Structure formats: C-alpha cells, structure tokens
Amino acid sequence: MNHRTDILDLRTALAVLRQMKGQLLETDVPVNPSAELSGVYRYVGAGGTVQRPTNSEGPAMLFHRIEGFEDAKVAIGVVGTRERVAALLGCKKEELGKLLCECAAHPVEPVVTEEAAPCQEVVHLPSDPDFDLFRLLPAPTNTPVDAGPYLTLGMCYATHPDTGLSDVTIHRMCIQGKDELSIFLQPGSRHIGAMAERATELGRPLPISVSIGVDSAIEVTSCFEPPTTPLGFNELSIAGALRQQPVKLTRCVSIQECAIANAEYVIEGEIQPGVKVVEDQNSHTGYAMPEFPGYNGAASKECWLIKVKAVTHRRHPIMQTCIGPSGEHVNMAGIPTEASILGMLEKALPGKVTNVYAHPSGGGKYMAVLQCRKRVPTDEGKQRQAALLAFSAFPELKHVILVDEDVDLFDSNDVLWAMNTRFQGDQDIVTIPGVRCHPLDPSASPEYSSSIRDRGISCKTIFDCTVPFAMKDRFARAKFMEVDPSRWASGRENG
C-alpha cells in the first residue's frame, strides 16, 4: 500500500485541522459540560440525524474552558465530516471505504511499548482523597434528560479469558459514582460483551481499559464489526495498516491489561462478574442518551458495572466526545460499513459494484447506496444479488438503494433523481420481511406493525434504481461540452 497517515494522536489531528480553513473552531468562552456543550455543537456542526436546525458541514470545536474543571479541554466533531476524515486519513473522501477495506485485508498488529507513555503523565488512584470520576472527567451530558455524564468516545480494550486475544470497541459508558461506570454491552453484538460473559462464567472480573482522545485512524477502525472483524480480530491492526506502523500500547498501572499509549485519558477498571446496574439510577429520567437514529435511547436496566482502579492522563488533557446522532457517529459507523460491504462484494461479484455509501440519514448503519456496473446482459440481476450480499455483510442494514455508475452516490439529489426517473415502485422494490435488524429502530416493533414478531426485527428493502441493461441507451444523461471553467470562474461577482 502506498497510503500512510502520520497522525498518531489527537493533538496532531487538531493541529492539522487548525491549518485547514474553517475546520476547527476554538473558544475560550466557559461552557457547562452538562447539556450546554452539546447544545452549542448541535448548531455549529453536529449534522447527522440531530434535530434540525443543525449544520452538517460545520467545523470541529475545541472548548478551552470547561466549567468545574481547571485543567481540561473538550474536543468534539473531529471526524464530523467526511472531508475531515479524508484529510486526517490521507485520501479522497470518495475512497474512504475502499481504503479501509484494503487496510482490513493487510492488518498490522499493535505492539506493547516499554517507553514512558504520554497517557500516564498524571496518575490518579482510588486511594487518593480527592479521587472522584465526576471531578476527574469532564464528560458531557448530551441533553438535559441524559442518565448522567457519558463517555461516548472511549476505546474499550480487553482480552478474552480463554484465547488471550484482545479487541477494541466503543460502548456508551455513564459515570455512576466516584469510582464506578456503567457500560452498555448489547447481548451478542460486540466482542467485549462476549468476554465479559465468559469472565462471569469463570466467576472473575474482566480487566478493561478505556482510552479517550486518540487519533482518527483508531476512532474509525475501532467501529468495524463482524464478519469483517470476527471475535479475536484486533481492530487496532487496521489502524496500524493505515499508519503502516503498529499502534503502540502501554501496560496499565493498576490492572493486567494494556491501553493506547498516545491517548489523552485512560480509565483502568474491571467489569464486575454478573453485576448489573440501572443506567439512570442517579437521574431517574428513563433515558440513556441520544442514539444514532436521532431518538433518546431508553435507560437500560441491564448495564454492566466497571469498578475503576485508576485514571491516568496527559498533562493539560483533552476530553474527546461526540453527540450520539451526529455526523461524527455517522462516519465512525458508516465508513467501516462501506469497507465491510465492499470487501464482501469484491469477493463474490468482482467488479460489479464500484463504490458504497453508508448514507447519513441511516446513521451509518441503516441505509447504503450501491453504485453498480452492468457491462453485459448477464449482469442484469446481479445488482440485486449485491444488495442481498450487503445485507449479509452488515446485518444492521435495513435499506439498500441501487444506482448506476453514472450516478453520484454521495449526492442525495442525484440518487433521488435516479429514483424518480429509473424506478417504478411496483416492480423495483424487493422486500425481505421478518429479518433481524437493529433494536434502536423505533419502527422495528410489534406495536408498529403486526408483521413484526419481536423488537429489532425489520422488513429489509431493496430499491433498485438501476436502468435495465437492455434499455441503457434510452437513459443516457445529457452530455455537455468539456471545458476548463477556471477562465470564467475567476471573474467578478455581483455585489
């Protein structure tokens, strides 16, 4: 691979954005992390499925003064736009899925370094008289009804008790007490959940580190899911491929586990065997936090408990956070989705799908647009086969829109143009009812439709907006003269 990113920590990423016009907004105005910070960013650059009005192309923000915290900053929106992700990973925004697909196929495993780790410049232990997670971590609440302060961008790192293989994923974690966090592990969905369940069977806690404030390569690649990254596949190895050098880990100071050496903060702890907590036990709001579909998630009564053994951080640390339904979540979830689908399709139908876009309206998970190529008559029908494979490559996918290669799949207007001129509802819709999808879709419930047997089951749907191969000549787009517009574009503007 010729690609390489030299951005190895959050501070370098912010420095790069600082040099890009309009991509980082810094403020010294004090902000309250309890709902106010996210309320500000909702308008500035949240995008995604956040309630309108919001700005989908706004800058990332760095808050320098956090009320209640003397020596901490908060960064939000670092990977909030596709353009910023591309700049930080060193490729074109249209090629991100292809790049990650290539890196997943050529992993570079992380290494443990014995060097002094930046993330351990300052160490706090529960034996310290002032040890209190509420005071140590400037963790925001997204809305006034959140269950509490949330860690939304913590890279959770743990090791399977049987195999010794490690994994990194992102989970929502809520501060519950001075040395306690709740962590939501959706049954059967993420690898650390399987590790915690196995540790419980063995009657012992699961050591876990939570690294916060890392570079964009780690942020994005940690969101890969099966089948691309099965149990035992360490997603940090994909970040290593992006860098063409291993991610450096450091040994934790209080538990037998490792953490990301260049992180801003690290929380070290143990998931307690079989202990479950109510997520909103302190607030009693009934809600957790806003989730990626754009709705407030219900507070879980089945969260696991992390007993915190240490908090370490850099000097003058930067807390990194995101809004659950924001464009930042879309990119972290959606780009690995694109890579997973591309990887599957290239193996099964080489050359038939030229690109994939996980559309923001689906939070990076529910909807994908596939750009298909039909070259010979026998290619007809393979576009629908590709959609079926996409559903198997990413089971949380609900809708697939198929378009031809002359359609810009990243331009929603062009995709809707294809739907309006190359689609008939009575023959170009394929429905697959009764398939397990995602429990956070509020329409995926028996109350919504009698055809749904259980929460989280959906009707997966294919919208085939491709032209039948035999009719391609009748659907040729109007072609214009090829010119260099720069001669005219530099002219005077009115006003």
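**Ground rules**

I am working with a predicted model, where local features need pLDDT of at least 70, side-chain atom pairs count only at pLDDT 80 or more, and totals for chains, interfaces and linings use all residues. Residues are numbered from 1 along each chain as its sequence is written, and side-chain values use heavy atoms, with hydrogens and water left out.

**Entry 1: cis peptide bonds**

Pro 53 sits in the loop that runs between helix 2 (36-44) and strand 2 (60-63). I also noted a cis bond between Pro 226 and Pro 227, where omega is about 5°. For Pro 227, the place is the loop between helix 7 (216-221) and helix 8 (236-243).

I found Ala 35 in the loop between strand 1 (24-27) and helix 2. Is Ala 35 buried or exposed? Ala 35 counts as buried, at 16% relative accessibility. My cut-offs here are under 20% relative accessible area for buried, over 50% for exposed, and partly exposed in between (1.4 Å probe, protein chains only).

His 284 also has a positive phi, about 55°, without being a glycine. His 284 lies in the loop between strand 14 (265-277) and strand 15 (287-290). With a relative accessible area of 63%, His 284 is exposed.

**Entry 2: helix 4 against helix 8**

Two packed helices are described by the angle between their axes and the distance between the axes. I read that the axes of helix 4 (residues 96-105) and helix 8 come within 8 Å and cross at roughly 110°. The axes are lines fitted to C-alpha atoms, for helices over the stretch in contact, with angles from 0 to 180 degrees between N-to-C directions. Helix 4 is therefore roughly perpendicular to helix 8 (that term covers 65 to 115 degrees).

Which residues of helix 4 meet helix 8? I listed Leu 99, Leu 100, Cys 103 and Ala 104 in helix 4, which meet Ile 238, Ala 241 and Leu 242 in helix 8; contact means heavy atoms within 4.5 Å. By class, this contact has seven nonpolar, no polar and no charged residues. Nonpolar covers Ala, Val, Leu, Ile, Met, Phe, Trp, Tyr, Cys and Pro, charged covers Asp, Glu, Lys and Arg, and polar covers the others, Gly among them.

**Entry 3: the partners of strand 14**

I followed strand 14 next and found it paired antiparallel with strand 11 (residues 206-212) over seven bridges. Pairing requires at least two DSSP bridges between the two strands. Ser 209 has Glu 268 in strand 14 as its bridge partner. Strand 14 also runs antiparallel to strand 17 (residues 303-313), with nine bridges joining them. There, Glu 270 stands opposite Lys 307 in strand 17.

I traced an open sheet of five strands in the order 19-20-21-23-22, with mixed pairing. Its edge strands, strand 19 (353-358) and strand 22 (429-436), each pair on one side only. Strand 22 pairs antiparallel with strand 23 (residues 457-464) over six bridges, and Ile 432 stands opposite Lys 460 in strand 23. Helix 9 (residues 327-348) lies across strand 19 and strand 20 (367-372), at about 155° to strand 19.

Conventions
Helices (H or I, at least four residues) and strands (E, at least two) are DSSP runs, numbered from the N terminus. Angles under 35 degrees count as roughly parallel, over 145 as roughly antiparallel, 65 to 115 as roughly perpendicular and the rest as oblique.
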